[in-house]
Amino acid sequence: MKKSVFLGALTVAGLAAGVAAAGTLDDVKARGKLNCGVTTGLVGFAAPDANGHWEGFDVGVCRAVAAAVLGDKDAVEFVPTTGKTRFTALASGEIDMLARNTTWTFSRDVDLKFDFIGVNYYDGQGFMAPKALGVSSAKELDGATVCIQTGTTTELNLADFFRSNNISYEPVPIETNAEGQQQFLAGACDVYTTDASGLAATRATFENPGDYVVLPEIISKEPLGPLVRHGDNEWGDVVRWSLNALVAAEELGITSANIAELSAGTNNPEINRILGTEGTLGEMLGLDVDWAKRAIMAGGNYGELFEKNIGESTPIGLARGLNAQWTEGGLLYAPPFR
Amino acid sequence: MTTLTDPPKESFRLSMLIYDTRYRSMTIQVVALIGFMLLIGWLVNNTAQNLLDLGKEPSFSFLGEAAGYDINQRLVDYDNQNSHLRASFVGLLNTLLVAVMGCITATILGVIIGVLRLSKNWLISKLMTVYVETFRNVPVLLWIVFTMAILIETLPVPRSFKGVDVGAVVVTNRGIYVPEPLFSRSLGDIHLFGASSFRFDISLDLIAFLIALALGLFVRHKINQRAHRIQEETGIRPTTWYLSLAAVAVPVLVVLVTLGFYLGYPEFKGFNFRGGTHMRNSLIALWLALSLYTAAFIAENVRAGILAISKGQTEAAAALGLRSNRIMSLVILPQALRVIIPPLISQYLNLTKNSSLAIAVGYMDLTGTLMGITLNQTGRELETLLLGMLIYLLISLSISLVMNWYNNRVKLVER
Amino acid sequence: MSDVFFVRTEMLQQQAPPSTSVGIVGWMRENLFSGWLNSILTVVSALFIFFVAGGFLSWAVSPTWGATSLTECREILAGHEGACWGVIRDRWVQLLFGFYPSELYWRPILTFVLLAVALAPVLFAEKVPAKLVYFTAAFPFLMPWLLWGGSIWGPLAAAAGFVIGYFVYGAVVKAAGSLAGLIVGVAAALIWWLFLAPVVVDLLSGTVSIGLEAVESRKFGGMMLSITIGIVAIACSLPIGIVLALGRQSDLMILKSLCVGFIEFIRGVPLITLLFVASTLLNIFMPPGTNFDIIMRVIIMATLFASAYMAEVIRGGLAALPKGQYEGADSLGLNYWQAQRLIIMPQALKISIPGIVSTFIGLFKDTTLVSVIGLLDPLGLSNAIRADTDWNGVVWELYGFIALLFFIFCFSMSRYSMYLERKLRTDHQ
């Protein structure tokens with residue numbers, strides 16, 4: 001008799017996720033919601049607040065895409081994923097895009113059949129150590145106990161680094177950043193290694209951040225970017241250009257404050273094209289003319305998102321560094337909108 | 001005169017498959033089997049189709065590739081250039097280690113607590129009740145992370161021992177260091193399974209030690225037998241304790257001295273202690289949490305077992321003049337054992353299966369290696385999970401077999 | 001010789017027992033200090049309790065209820081050790097309901113209140129009116145509708161399948177016998193569910209749309225998620241468990257080995273591996289294009305997991321029935337299904353209830369494992385909460401609160417199960 005709990009639930013809710021057909025863009029539009037995979041919680045990048053409202057830098061990208069496609073920055077279902085479940089969630093169509101500090105690597109792009117649509121944060125793996133340890137370089141860490149997060153590229157980088165420098169170490173694998181922080185603060189490991197952004201974010205919340213240093217070595221390249229399934233190029237284009245619009249907006253000086261004014265028309269043809277007052281870029285993507293305008297208004301341009309979530313005005317206090325615009329010595333370089 | 005003939009033989013009709021009880025059970029079984037086959041076929045077909053769509057081909061060749069990651073607790077030699085299969089083997093041994101350690105301590109704790117719960121001491125029995133209820137009613141995963149947090153937060157960091165004379169055992173929040181047995185004239189190891197992924201070294205010193213111990217115990221057994229015989233014949237039991245002691249101690253000591261036995265003490269060097277045996281806090285946390293959690297269940301089984309023994313047994317034993325602790329160990333527990341063992345088997349199984357929660361504290365067991373990092377790095381969900389489940393199934397079945405064999409041995413033979 | 005006898009002519013007054021064996025002192029002598037070993041044990045445990053309780057209280061009594069972040073807690077405590085209760089004040093609702101829309105909290109609350117009502121005829125059979133059992137039958141359809149919302153027609157159509165199946169069975173039984181009736185009845189219900197019901201539901205919800213605001217399973221979280229997974233899985237596993245238990249008991253060799261194989265497989269692997277299957281493999285096993293959300297998949301695997309254990313519990317109940325019951329049923333001329341339905345199952349299920357309750361407690365505790373695959377159950381949420389800059393670094397308060405929640409639920413259920421066991425143990429009285 002009670003089998004029908006399942007059947008009832010099935011009919012009511014189970015099939016809500018829809019079918020992963022070829023056209024993700026059409027699916028998203030039909031569903032009216034964007035399913036976006038994020039972490040289960042990483043300071044500054046994605047975490048739910050007390051009302052269940054997700055916030056963070058990666059979350060900002062999801063919201064921009066939702067605003068561009070659906071016109072509503074809140075039309076996003078955030079699906080928390082772990083290192084293990086993220087790729088299957090994307091491959092199976094449970095999520096439409098994954099914005100979860102995922103490193104763009106050859107095998108993920110080619111072997112696992114995903115498309116990285118760009119880079120929203122240029123990162124690298126670093127080390128953090130207590131000042132009291134008296135270490136000034138990662139090469140002095142012979143015999144040290146190192147906390148690493150599993151399920152990421154970091155454990156391979158770490159093994160490679162210690163192997164190539166011919167020094168020994170004791171790995172302490174941990175599941176989440178919160179646990180890593182706890183072990184590190186209690187001294188259960190000498191150094192904590194993860195992406196440099198994560199280190200800075202973690203350090204910022206310490207009781208005495210000044211007692212800890214981030215070592216100068218960056219032992220890997222970690223271009224973190226959103227990704228989509230391989231083979232659905234229309235959808236890939238939408239996500240890619242939504243991200244590019246945020247980056248270009250910063251370069252061109254479009255902010256959430258002046259966007260209304262600028263969308264009345266300017267002398268700069270590229271701004272006009274982005275904001276839809278000139279050309280038919282939106283139509284080519286399968287969206288309307290205001291798509292980029294809405295994406296930018298969702299949380300501001302790239303610079304605004306950065307400042308609001310992880311920038312120097314926040315407790316996390318990350319410097320732009322590699323993530324500055326190319327005009328300011330960084331790596332952000334949006335292709336032209338034409 | 002009439003002759004008996006067989007009743008007219010009914011010719012077979014199709015409807016008999018349903019209405020005739022002789023055939024009906026066959027029909028049902030065949031239908032069930034076909035249904036089952038169809039289900040399996042459907043699943044396999046779906047899987048094949050989906051894997052084709054994803055562009056993946058099921059293959060176990062990834063197991064031979066270099067793993068690339070390091071494992072901290074290794075019972076056999078391993079480095080990050082070894083294969084994924086070797087890494088899984090290291091993980092499997094870690095699983096078995098914590099399961100065996102957990103089962104032993106959980107049994108000891110469980111028996112003590114179960115007996116104490118029936119203690120006449122009010123405070124003790126209440127304390128034990130609180131213990132059992134707290135541990136039974138909170139999820140084991142929570143206990144594991146909780147124990148880990150306690151170990152990390154309350155114990156001192158190794159650095160605080162810098163320049164301090166630490167002695168033999170050091171307790172730090174990275175684990176416990178105990179002296180390790182070393183041999184200056186070691187016999188070396190035997191290498192089993194050549195260079196395969198399951199290669200395994202067994203220390204000859206350990207084997208020599210065990211042989212000596214077994215020899216000693218055997219001699220002691222003989223001495224006791226002789227004493228017993230003399231007691232039977234003459235009524236006087238000769239004093240044998242010094243002979244027994246010598247029989248056990250002499251061969252062991254001889255082996256230890258010839259092999260040059262000494263203890264390696266932990267020493268603080270650089271960032272950590274070196275030397276000694278390092279029991280990492282992930283192991284301790286998992287072991288402790290699983291033992292304490294399972295002990296609460298075993299305690300309940302033990303209590304039920306003791307209560308199942310009729311009061312007459314206790315009274316009869318008391319009438320023979322036995323003291324209360326001897327009544328418990330000689331009369332009650334041996335009988336209660338028969339009631340305790342069947343549920344004990346399932347507690348052992350539960351403990352072994354719960355050891356897969358090791359990933360919560362970063363203990364690199366089978367779930368952490370094969371179904372954890374290997375899965376993540378290779379993206380082979382189907383193969384790793386199937387293999388992992390198969391191994392767990394084999395472990396569970398072996399535990400069941402061994403324990404059921406033991407249960408049959410101690411079972412009361414009903415006449 | 002003088003005959004002097006001393007004969008007491010009146011009874012002595014009964015004396016009060018010595019002061020050392022009555023009252024508190026007597027009780028303590030008897031129960032705490034009855035020997036040197038006991039005295040040592042008592043003193044040691046008293047000291048243990050004193051230190052643990054003292055340490056805990058001095059930590060727990062902390063004026064930080066109003067704090068809005070860990071930094072603020074630290075300011076309030078000014079260097080003293082103490083709990084930071086602000087995180088509980090800030091997040092307790094989330095730990096209970098997850099991301100369920102706050103204006104709809106009445107729905108899960110109502111569901112769980114109604115659940116208690118629906119369970120009453122089963123759990124406290126003699127204390128409630130018998131008619132309530134109809135509500136119990138309707139509840140499995142009501143519960144998903146209340147929790148997940150959506151159109152009322154879906155659950156109604158699911159329920160209609162059973163009604164249709166029943167009536168078809170009734171009609172065919174008279175014409176063609178019970179087995180044929182059963183087969184045709186099940187077939188009719190399946191046809192209804194698979195082909196007719198979706199069409200009818202679409203039609204009805206198009207014309208008369210009665211419904212609640214739909215809530216996606218993804219919004220479920222915290223304690224509510226644990227309870228939902230636990231209850232749905234146990235409820236679904238009951239019928240599967242009965243079938244498996246009967247299969248395992250039956251004489252049909254193939255059927256028996258299939259059931260034994262399934263039960264032993266599920267019981268032989270850890271739940272966590274089944275959850276990994278739910279999170280990574282289940283979609284691969286389904287036809288291309290199907291897509292359950294992760295909570296549905298977890299419920300499916302939890303159901304399979306629970307049904308193996310349920311089968312063993314019910315098998316125990318079947319085995320505990322005296323053989324005379326089976327023989328009695330046979331001698332009345334009842335066939336297998338009639339005997340099961342009228343004689344065996346009602347009794348076997350009743351004696352299995354304590355076992356079922358403890359299976360439920362076990363499963364309920366095991367729902368914390370879903371945090372490992374990224375679902376936000378209380379334990380998973382505690383990680384998400386610690387990822388908030390305000391609460392980064394909080395440990396004990398969250399774990400303690402979650403442990404307390406689980407303890408309350410499980411402890412009360414286990415007490416109930418013990419009460420039931422005492423009640424059912426009629427033979428020793």
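How far apart do the C-alpha centres of domain 1 and domain 3 of chain C lie? They lie 40 Å apart. This is a predicted model, and the tour below starts with chain C before moving to chains B and A.

## Chain C and its domains

Chain C is divided into domain 1 (21-61), domain 2 (151-212) and domain 3 (219-429). The 40 Å given above is the separation between the C-alpha centres of domain 1 and domain 3 of this chain.

## Chain B and its annotated spans

| Span of chain B | Helix | Strand | Distance between end C-alpha atoms |
|---|---|---|---|
| Residues 23-44 | 100% helix | 0% strand | 31 Å |
| Residues 96-118 | 96% helix | 0% strand | 33 Å |
| Residues 92-403 | 67% helix | 11% strand | 21 Å |

## Where chain A meets chain B

Now let us turn to the contact between two chains. Chain A gives 30 residues to the contact and chain B gives 30 residues. On the side of chain A that touches chain B, the elements giving two or more residues are helix H4 (86-91), strand E9 (144-149), helix H6 (154-164), strand E10 (169-174) and H7 of chain A. E10(A) provides the largest share of that side, with five residues. Sorted by class, the side of chain A that touches chain B has 12 nonpolar, nine polar and nine charged residues.

## A closer look at one helix pair

Two packed helices are described by the angle between their axes and the distance between the axes. Here the pair is helix H7 (residues 177-186) of chain A and helix H5 (residues 140-154) of chain B, whose axes come within 8 Å and cross at roughly 30 degrees. Angles under 35 degrees count as roughly parallel, so H7(A) and H5(B) are roughly parallel to each other. The crossing of H7(A) past H5(B) is left-handed.

Which residues meet in this pair? From H7(A) come A:Gln182, A:Gln183 and A:Ala186, and these meet B:Ala149, B:Ile152 and B:Glu153 in H5(B). The residues of this contact of H7(A) with H5(B) divide into three nonpolar, two polar and one charged.

Definitions and conventions
Residues numbered from 1 in each chain as written. Chains lettered and ligands numbered in written order. Predicted model: local features only at pLDDT ≥ 70, side-chain atom pairs only at ≥ 80, totals over all residues. Helix = DSSP H or I, 4+ residues; strand = E, 2+ residues; numbered from the N terminus. Domains from an automatic or database assignment. Axes fitted to C-alpha atoms, helices over the stretch in contact; angles between N-to-C directions. Parallel < 35°, antiparallel > 145°, perpendicular 65-115°, else oblique. Left-handed = near helix turned anticlockwise from the far one by under 90°. Contact = placed C-beta atoms within 7 Å. Nonpolar A, V, L, I, M, F, W, Y, C, P; charged D, E, K, R; others polar.
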